[in-house]
Structures are given as structure tokens and as C-alpha cells.
Amino acid sequence: MRVHGGAPRGARADFSTNLNALGPPGSLVKALRRVPLSRYPDPEYAELRALLGDPARVAVGAGANELIHRLVAAFGGPVAVFCPSFGEYAEAAHARGARVFFARDEEGFLREMRKARLGFLASPNNPDGRVYEADFLNEAAKAGGLLVLDLAYAPLSEVPVFVPEGVVRLYSPNKAFALPGVRAGYAVFPEASLAERVRRLAPSWVLSSTGEAFLRLSEGEEARSWLAAARPRLFAWRRALARGLERRGFSVVEGRANFVMARLGEAQIKALLRAGVWVRPLFDKGLPDWARLSAQGPKARRLLWEVLGG
Ligand SMILES: Cc1ncc(COP(=O)(O)O)c(C=O)c1O
């Protein structure tokens with residue numbers, strides 16, 4: 001079953017997605033509205049790939065998820081995944097009949113990587129916000145299978161995110177700029193031949209003109225300085241959320257990104273959803289008492305405290 005965050009229309013507050021609560025930046029939205037849609041994008045995305053890195057080692061896609069599925073299609077299984085982590089890695093493997101090796105800790109992940117053809121780690125990890133240390137990542141990169149390091153939340157990490165040599169770097173700038181509807185992402189490969197295998201699996205024009213413009217603009221100076229200004233406020237909001245939850249007696253896992261995990265219990269999770277205060281339950285990750293909540297502003301937090309009391 002695919003479970004994702006995202007509140008229905010009419011919800012009073014949405015803590016359930018990990019998007020930057022301060023976005024999207026108005027100038028970016030305005031620029032995207034001006035993108036001409038009456039022509040095909042360049043089927044090779046040559047200029048964009050050159051902007052994102054060594055063009056021979058870059059593949060663009062309709063979001064990181066689309067690339068996750070293509071990575072599994074290109075390299076096959078068994079696939080090593082960390083638990084808990086983003087569910088799409090295992091979904092993509094299951095969809096292609098690949099075996100999945102689940103690991104519950106770093107030692108276990110290294111063990112599984114030795115037997116796997118492909119492995120996925122997110123740093124910061126979703127849902128616990130953990131940022132992996134260099135030693136572990138260096139070992140994981142050399143353990144056996146090809147390691148994909150999902151950097152979807154790296155721009156929203158409070159600490160620098162280490163990236164080892166020899167891994168596939170997967171990017172999803174729509175989180176940091178709160179524009180997930182655009183559906184655009186990219187991957188940078190350690191070798192051109194690996195990137196070529198993944199590029200060849202895409203249909204022509206896999207990325208829309210809007211997606212192409214979004215990836216280009218997200219690299220620009222204006223977008224970068226907007227994000228740099230937003231980050232400290234976002235981390236202050238995460239801390240206020242974590243402390244508020246702890247004061248009310250809930251266990252909290254506070255990583256280094258813009259979200260936390262909290263043991264709210266099933267009854268409180270249901271009460272929040274009934275009240276239109278949307279959190280992301282984590283039952284699908286084997287954590288039925290837990291929910292993930294993203295950093296939101298004071299107004300949304302007041303609604304949360306109204307339901308949780310105190
Ligand atoms: C760790 C992680 N990677 C990738 C994605 C998906 O990114 P995209 O919207 O670019 O497909 C998500 C979205 O929730 C995520 O949490």
C-alpha cells in the first residue's frame with residue numbers, strides 16, 4: 001500500500017508533508033507561470049544537465065520517485081533499504097519483482113548491502129531526520145551494491161550532509177521550495193555509463209517544460225538566497241514543535257531536518273485527523289503509535305495544541 005503525507009482540501013493545518021512550510025517563493029511561482037508550453041522541451045535536456053553537473057553523469061526525471069523506479073529497473077535487485085525510511089524504495093523493488101532486504105540499523109544495512117545489487121539511504125532520513133556520518137556512508141558506498149543516496153532533504157538539513165565518492169546522488173528540490181506538484185528531480189551518477197542506462201529507460205520528454213524551468217531556477221542565486229533566509233526560521237519552528245510535544249509528555253525523535261517523529265498514540269492521531277489537523281501516521285512503517293510532523297508556524301502549532309491539550 002502506498003501511504004504518503006498530504007492533507008485533504010479543507011484541513012485546518014498540515015503537518016503531514018515535509019515540504020518547506022515557508023514556501024513556495026513567490027518569484028519562483030511567477031517565473032514558472034511564464035514558461036512557454038507550446039513547444040516540446042529539449043528531449044536531451046542538454047543545457048539543464050550541464051547546469052546540474054557533468055551532463056554525461058546526470059539524468060533528469062519527473063520527480064525523485066520516477067527516478068527511484070527507473071534506478072530499480074536499470075540495476076535490479078536485491079535492493080537493500082533502511083527501516084524506517086521512505087517507502088517508495090521498497091515499492092519500486094516490489095513492482096519489479098526484486099527482493100528487498102530490510103535493515104534495522106547501520107550494521108545490518110552494511111550486511112545487506114554486501115548481498116544487494118542496489119541500496120537506498122536518505123540523508124536526512126525520512127521519517128526520523130537522521131543525517132548519516134561519513135564513516136558509515138563510506139563503508140556503505142564500498143560494501144557491494146550500488147548505493148543511491150537520496151538527498152531530498154539535504155537542503156533542509158541543519159547540518160552539512162556528507163556525500164561519499166562512488167554513489168548515485170538523488171535530488172528533489174521540490175521539498176525545499178514547496179512545489180511538489182511540478183514533479184521534477186535529478187540524479188548524478190559516479191560514472192557516465194550508469195547515467196546512460198537510466199536515461200535510456202525514460203520516455204522522451206519525461207520532464208515537462210515547467211519541470212525543466214523549475215530545476216534550472218532552483219539552482220539560481222535568487223532561489224538559493226531565499227532558501228538560506230528561510231532555513232533558520234524553519235529550524236526554530238521544528239525546535240518549538242519538539243519542545244511543545246515533549247512538554248505534553250510525548251516521546252519525540254528530533255533529527256536535523258524540518259520534521260520530527262512523535263509517539264502520539266493511535267487515539268491522539270485519530271483525534272488530530274478528526275479535527276482537521278493533519279499529521280502523517282507511521283503505521284505503514286511498523287510504528288503504529290507514531291506520527292511524523294513537519295515544522296509549521298505558530299498558528300498551525302496552536303491548532304495542534306488545542307487538540308493535544310496543555
Ligand atoms: C526521502 C524522499 N525521497 C524522495 C521523495 C519523492 O520526491 P519527488 O517528489 O521528487 O518524487 C520523497 C517524498 O516524500 C522523500 O521523502
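Which residues in helix 3 meet which residues in helix 4? Asn 65, Ile 68, His 69 and Val 72 in helix 3 meet Glu 88, Tyr 89, Ala 92, Ala 93 and Ala 95 in helix 4, where contact requires C-beta atoms, placed from the backbone, to lie within 7 Å. These contact residues divide into six nonpolar, two polar and one charged.

The model is predicted: local features need pLDDT of at least 70, side-chain atom pairs count only at pLDDT 80 or more, and totals for chains, interfaces and linings use all residues. Residues are numbered from 1 along each chain as its sequence is written.

The axes of helix 3 (residues 64-75) and helix 4 (residues 88-95) come within 9 Å and cross at roughly 45 degrees. The two helices are therefore oblique to each other; angles under 35 degrees count as roughly parallel, over 145 as roughly antiparallel, 65 to 115 as roughly perpendicular and the rest as oblique.

Strand 8 pairs with two strands, as the table shows. Pairing requires at least two bridges found by DSSP.

| Strand | Partner | Sense | Bridges |
|---|---|---|---|
| Strand 2 (residues 58-61) | Strand 8 (residues 185-188) | antiparallel | four |
| Strand 7 (residues 168-171) | Strand 8 | antiparallel | three |

Within strand 8, Gly 185 is the bridge partner of Gly 61, and Ala 187 stands opposite Leu 170.

Gly 185 also belongs to the residues around the ligand, which include Asn 65, Phe 86, Asp 150 and Ser 172; such a residue has its C-beta atom, placed from the backbone, within 6 Å of the molecule. The shell around the ligand has five nonpolar, six polar and one charged residues.

Technical notes:
Ala, Val, Leu, Ile, Met, Phe, Trp, Tyr, Cys and Pro count as nonpolar, Asp, Glu, Lys and Arg as charged, and the others, Gly among them, as polar. Axes are lines fitted to C-alpha atoms, for helices over the stretch in contact, and angles run from 0 to 180 degrees between N-to-C directions. Two residues are in contact if their C-beta atoms, placed from the backbone, lie within 7 Å.
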